[in-house]
Amino acid sequence: MKMSPERGGAEGKEEGSRMASAALPEAEAVQPRNKGNFKYAFTCALCASMATIVLGYDVGVMSGASLYIKRDLQITDVQLEIMMGILSVYALIGSFLGARTSDWVGRRVTVVFAAAIFTTGSLLMGFAVNYAMLMVGRFVTGIGVGYAIMVAPVYTAEVSPASARGFLTSFTEVFINVGILLGYVSNYAFARLPLHLSWRVMLGIGAVPSALLALMVFGMPESPRWLVMKGRLADARAVLAKTSDTPEEAVERLDQIKAAAGIPRDLDGDVVVMPKTKGGQEKQVWKELIFSPSPAMRRILLAALGIHFFQQATGSDSVVLYSPRVFQSAGITGDNHLLGATCAMGVMKTLFILVATFQLDRVGRRPLLLTSTAGMLACLIGLGTGLTVVGRHPDAKIPWAIGLCIVSILAYVSFFSIGLGPLTSVYTSEVFPLRVRALGFALGASCNRVTSAAVSMSFLSLSKAITIGGSFFLYAGIAALGWVFFFTFIPETRGLPLEEIGKLFGMTDTPVEAEDTATKDKAKVVEMN
């Protein structure tokens, strides 16, 4: 069953849901899941996803460290905004570099690069003597973050079996939230140090988890899909045998990956020489995804960019990065109380991301995404209302308004964590075809980081222009648009093999058709033993 390019809307989504629902029982009816293989895939996903802890730690620690940086270095609100948000701009560069690196040397080595770069950036920030040196450290750290957010979800999606792909790929968001929580705890733990030491220790200690990650990654296998792209069929077959639910699934996954890579199904050598595309493989990928995409590819790209845009444009970074200021505006005073409330928010985010992790492959992507966005919309309206009431009565404490602000913030991060937070990386790592997956995810991550930078570097100025309550009403309006977008353009992908998801967007090539096309139109593939 496949959807033609002309069919879409509700009919396409219903068809996608039927395909996704049918895929699970068929896959599970073959043989019971190999628990040893699942544990191996689980371990691989766990190690790779730990790369994203660096982004979470930076976001979390900067929310509190910024209070002390401003006092110690005597910087303005504009300089503070730039320092907080510029990392997202640098991560944009890192995500594109990460895409090229992961296609060149492999997904696993790229994770090592991410950890090494972030370690260097953390040390630079920790030893910074002035604002300029701190910004240099932010640049290096941003490059490392860009590498991490691009490669971790791609690797995890490519190594995971279809039956648990949502569960395992959501680990990237789990570790972002663990990193945020660790950043909050670091703020609270080191806040009592002398002013000139407190923020430096908070930032510099971030080098420890990334250095440990670089060592752990060497025990991971390479992505089987990257191995096939390089013609290393024997190595890919060995990895798939260890990460698939059944031997039959391992064979089927290899056939699908070979077809997507343009290798005939009956070619079973250990190593094959891949065909050279005219103008180079990289130019072909850019042409297929950006310069001359098919209608189906445009729909895939729109879905990926849209989900990344709305994840950030709904104000998640404003709530997380500026949480002490938001709590302060709500009537909470004192550094200890502010950082304590922020830690409570981090705990809520982490707990609810675990709920999403266990529900993605049971409930599905689409229901969680729509529920999450609707809940965030209600919470943003509540937060905007509470902050507006508190702001209009600066000399009086209004308990119900303060309570509404606190409940709205905690509920907002909870709703974010059960859907829009983890689903962004899960969905983007699934929808792109193999040949453009690294670049496609890099484009999505770039959209994410640009939007994040715009939100985080404008929040203080926006709050002064339309009040802090007005800012959250604006985010609520964007959340409403996001819900409509998700309902219209995001089909269900639960349980489908990666190579089959393109059909939901109107791609017409099945693995067999792709194989025939590859055999007829591409240069001959030479088998080597």
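**Cavities, cores and helix packing in a predicted model**

The structure holds 3 cavities of 30 Å³ or more, where a cavity is a set of points, on a 1 Å grid over the protein atoms alone, at which a 1.4 Å probe fits but cannot get out. Grid points are joined across faces, edges and corners, and a volume is the space filled by probe spheres set on the points. The model is a predicted one, in which local features need pLDDT of at least 70 and side-chain atom pairs count only at pLDDT 80 or more, whereas totals for chains, interfaces and linings use all residues. Residues are numbered from 1 along each chain as its sequence is written, and side-chain values use heavy atoms, with hydrogens and water left out.

The largest cavity has a volume of about 330 Å³. It is lined by 25 residues, of which Leu55, Glu173, Ile176, Gln311 and Gln312 are the closest to its centre; a lining residue has an atom within 4 Å of a point. At least two lining residues are supplied by each of α3 (53-73), α6, α8, α15 (295-313), α16, α21 (420-431) and α22, and the largest share, 5 residues, comes from α8. Helix α8 (residues 171-190) comprises 20 residues and reaches 28 Å from its first C-alpha to its last, close to the 28 Å expected at 1.5 Å a residue, the expected span being 1.5 Å times one less than the number of residues. Of the 20 residues of α8, 14 are buried, where buried denotes under 20% relative accessible area, exposed over 50%, and partly exposed the range in between (1.4 Å probe, protein chains only).

For the protein as a whole, the secondary structure comes to 25 helices and 2 strands, taken as DSSP runs numbered from the N terminus (helices H or I, at least four residues; strands E, at least two). Of the 529 residues, 61% count as buried. Among contacts with a separation of 6 or more, 83% are accounted for by residues 24 or more positions apart, a contact meaning heavy atoms within 4.5 Å.

In soluble globular proteins, nonpolar side chains tend to be buried together. A nonpolar core is here a set of buried Ala, Val, Leu, Ile, Met, Phe, Trp, Tyr and Cys residues joined through side-chain atoms within 4.5 Å. The largest such core has 151 residues, of which Ile69, Met83, Leu134, Trp199, Leu203, Phe472 and Phe486 touch the most other members; helix α6 (residues 131-159) contributes the largest share of this core, 14 residues. Leaving aside neighbours within four places in sequence, tryptophan 199 is in contact with Ala65, Tyr68, Ile69, Asp72, Leu73, Met125, Ala128 and Leu134. A second, separate core of 5 residues includes Val390, Ile398, Ala401 and Ile402.

In helix α23 (residues 459-466), the buried residues include Phe459, Leu460, Leu462 and Ser463. Viewed down the axis of α23, its buried residues fall within an arc of 165°, so they line one face of the helix, the arc being that of the directions from the helix axis to the C-beta atoms. These buried residues pack against α4 (77-105), α16 (316-321), α17 (323-329), α22 (437-456) and α24, while the face turned away from the buried side carries the exposed residues Lys464 and Ala465.

Threonine 467 lies in the loop between α23 and α24 and is partly exposed, with a relative accessible area of 46%. Although it is not a glycine, threonine 467 has a positive phi of about 75°. Glutamine 74, likewise not a glycine, has a positive phi of about 55°; glutamine 74 is found in the loop between α3 and α4 and is exposed, at a relative accessible area of 64%. Most residues other than glycine have a negative phi.

Isoleucine 468 belongs to helix α24 (residues 468-489) and counts as buried at 15% relative accessibility. Apart from residues up to four places away in sequence, isoleucine 468 touches Val326, Ser329, Leu387, Phe459 and Ser463. Isoleucine 468 and leucine 383, separated by 85 residues in sequence, are 9.7 Å apart in space, C-alpha to C-alpha. In helix α12 (residues 233-243), leucine 233 is buried with a relative accessible area of 0%, and the C-alpha atoms of leucine 233 and leucine 267, 34 residues apart in sequence, are 9.6 Å apart.

Definitions and conventions. On a 1 Å grid over the protein atoms alone, a cavity is a set of points where a 1.4 Å probe fits but cannot get out, and a pocket is an open set with protein on both sides within 12 Å along at least five of seven lines; lining residues have an atom within 4 Å of a point.
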